[in-house]
Amino acid sequence: MDKQFTLEDIKLKACEMNIQRIYIFSHAKHDGDAKGAALALVEYFTQNGYNSKYIITAEDNCLLGVFPKVETSCIKDEKFIAISVDTSIVSGNENDLYKKAEIIYKIDHHKDGDLFGDYNYIDDEASSTCEIVSSMILKDDITPKMATYLYTGIYTDTGGFKYGIRDVMFLQLSKLLKCKADYSFVVNNMKYISSSRKRIEGLVAYNHKFYAKDVVGTIIRKYQHDFMALSVARAVNTLISINAKVFFCCCEAKNGDVFVEIRSSLNSNIDVSKLAKKYGDGGGHVHSAGFKLKEFDEIYNILQEIEDLTRLQ
Ligand SMILES: [Mn+2]
């Protein structure tokens with residue numbers, strides 16, 4: 001774990017530097033964890049009298065049933081403090097505007113990411129950035145809205161509390177429920193998925209096979225329908241109820257982009273984030289990683305490495 005800081009430290013720094021604006025930043029194609037952590041922090045700092053907003057530059061379509069739509073914004077000559085959430089590497093940032101900040105704080109749970117903050121709070125054993133943010137805010141300061149945002153981030157980043165979990169995560173969930181997180185609202189909103197996601201889930205489930213003992217996955221070449229990287233991430237979850245140790249899905253889009261998602265079961269020691277680091281452009285987690293391949297055929301090298309790793313188990 002990297003050196004920690006508290007939200008009080010950030011407020012103290014803002015006071016010292018006479019800064020009123022605390023802006024939150026996250027990664028491109030933000031997911032429930034990124035957006036949940038960002039919106040909860042905006043809520044927290046707004047409650048504390050700061051001018052706080054979540055800065056994005058692309059249209060927001062993330063979980064609009066649970067979260068409000070975030071409008072795009074730009075930054076002029078303003079003095080502000082930046083907090084980056086859930087963003088592993090520099091190139092993963094949604095925009096470069098955070099660099100204009102007087103000071104940058106980074107909060108993240110990915111392994112081996114770039115320490116681009118002036119202060120970095122990295123806990124790579126946390127289930128999600130929302131779990132970390134929840135632990136940073138006192139129970140009395142968490143509104144029902146913030147609790148629901150944070151609960152959503154933990155829920156989505158763990159595939160509904162299935163992987164990447166740890167004991168203290170449940171302490172945070174318990175705290176969020178006491179703060180009136182609307183869990184039935186969250187679960188109801190997760191019930192529906194788009195037709196394109198359903199299609200890719202079916203394809204991944206139907207075409208899976210064992211590539212080695214304990215290694216199960218699906219390789220799809222030249223997928224003709226449109227899909228989002230996030231759909232591949234969710235589709236791999238259809239495989240994790242199979243009795244195996246490693247689950248993967250490799251999907252080549254029409255434009256040649258190849259998305260890989262890998263999970264390893266909680267009772268195995270296989271660290272899939274190392275594969276993400278070696279073959280992709282990102283960090284990831286011990287039991288869960290997703291990345292883009294440069295060459296399609298690299299998937300076969302990855303499978304060979306996984307097979308060697310499972311044999312060692
Ligand atoms: Mn996350």
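Colleague: Which residues are buried in H5?
Modeller: This is a predicted model. A residue counts as buried if 20 or more other C-beta atoms lie within 10 Å of its own. In H5, the residues that pass are Met-169, Gln-172, Leu-173 and Leu-176.

Colleague: Within what arc do the buried residues of H5 fall, seen down its axis?
Modeller: Look down the axis of H5. The buried residues line one face of the helix, because they fall within an arc of 100 degrees.

Colleague: How far apart are the end C-alpha atoms of H5?
Modeller: Helix H5 covers residues 167-178, which is twelve residues. At 1.5 Å a residue, the helix should span 16 Å. The model agrees with that, since the end C-alpha atoms are apart by 17 Å.

Colleague: Which helices are included in what covers the buried residues of H5?
Modeller: The buried residues of H5 have a cover. Two helices are included in it: H3 (129-136) and H4 (144-157).

Colleague: How many of the eight residues of H3 are buried?
Modeller: The buried residues of H3 are Thr-129, Cys-130, Glu-131, Ile-132, Val-133 and Ser-134. H3 is therefore largely enclosed by the rest of the structure. Of its eight residues, the buried number is six.

Colleague: Which strands do the buried residues of H3 pack against?
Modeller: Helices come into it too: H2 (32-47), H4 and H5 pack against the buried residues of H3. The strands that do so are E3 (80-85), E4 (103-108) and E5 (119-122).

Colleague: Is Asp-214 buried or exposed?
Modeller: Asp-214 lies in the loop between strand E6 (209-212) and strand E7 (215-220). Its phi is positive, about 70 degrees, although Asp-214 is not a glycine. Because Asp-214 has 22 C-beta neighbours inside 10 Å, it counts as buried.

Colleague: Is Lys-222 buried or exposed?
Modeller: Find Lys-222 in the loop between E7 and helix H8 (229-235). It is not a glycine, yet it has a positive phi of about 40 degrees. With 10 other C-beta atoms within 10 Å, Lys-222 is exposed.

Colleague: What distance separates the centres of domain 1 and domain 2?
Modeller: The chain is divided into domain 1 (7-190) and domain 2 (195-312). Their contact takes 14 residues from domain 1 and 15 residues from domain 2. On the side of domain 1 that touches domain 2, two residues are nonpolar, seven polar and five charged. Taken over C-alpha atoms, the centres are separated by 27 Å.

Colleague: What is the radius of gyration of the protein chain?
Modeller: The protein chain has ten helices and ten strands. Its C-alpha trace spans about 60 × 40 × 40 Å along the principal axes. A compact globule with 313 residues would have a radius of gyration near 20 Å. The chain agrees with this, at 19 Å.

Colleague: What percentage of the residues of the protein chain count as buried?
Modeller: Take contacts with a separation of 6 or more: residues 24 or more positions apart account for 65% of them. Now take burial. Of the 313 residues, the part that counts as buried is 45%.

Technical notes
Residues numbered from 1 in each chain as written. Predicted model: local features only at pLDDT ≥ 70, side-chain atom pairs only at ≥ 80, totals over all residues. Helix = DSSP H or I, 4+ residues; strand = E, 2+ residues; numbered from the N terminus. Rg over C-alpha atoms; globule rule 2.2 N^0.38 Å. Buried ≥ 20, exposed ≤ 12 C-beta atoms within 10 Å, placed from the backbone. Contact = placed C-beta atoms within 7 Å. Expected span 1.5 Å × (residues − 1). Arc of directions from axis to C-beta. Domains from an automatic or database assignment. Nonpolar A, V, L, I, M, F, W, Y, C, P; charged D, E, K, R; others polar.
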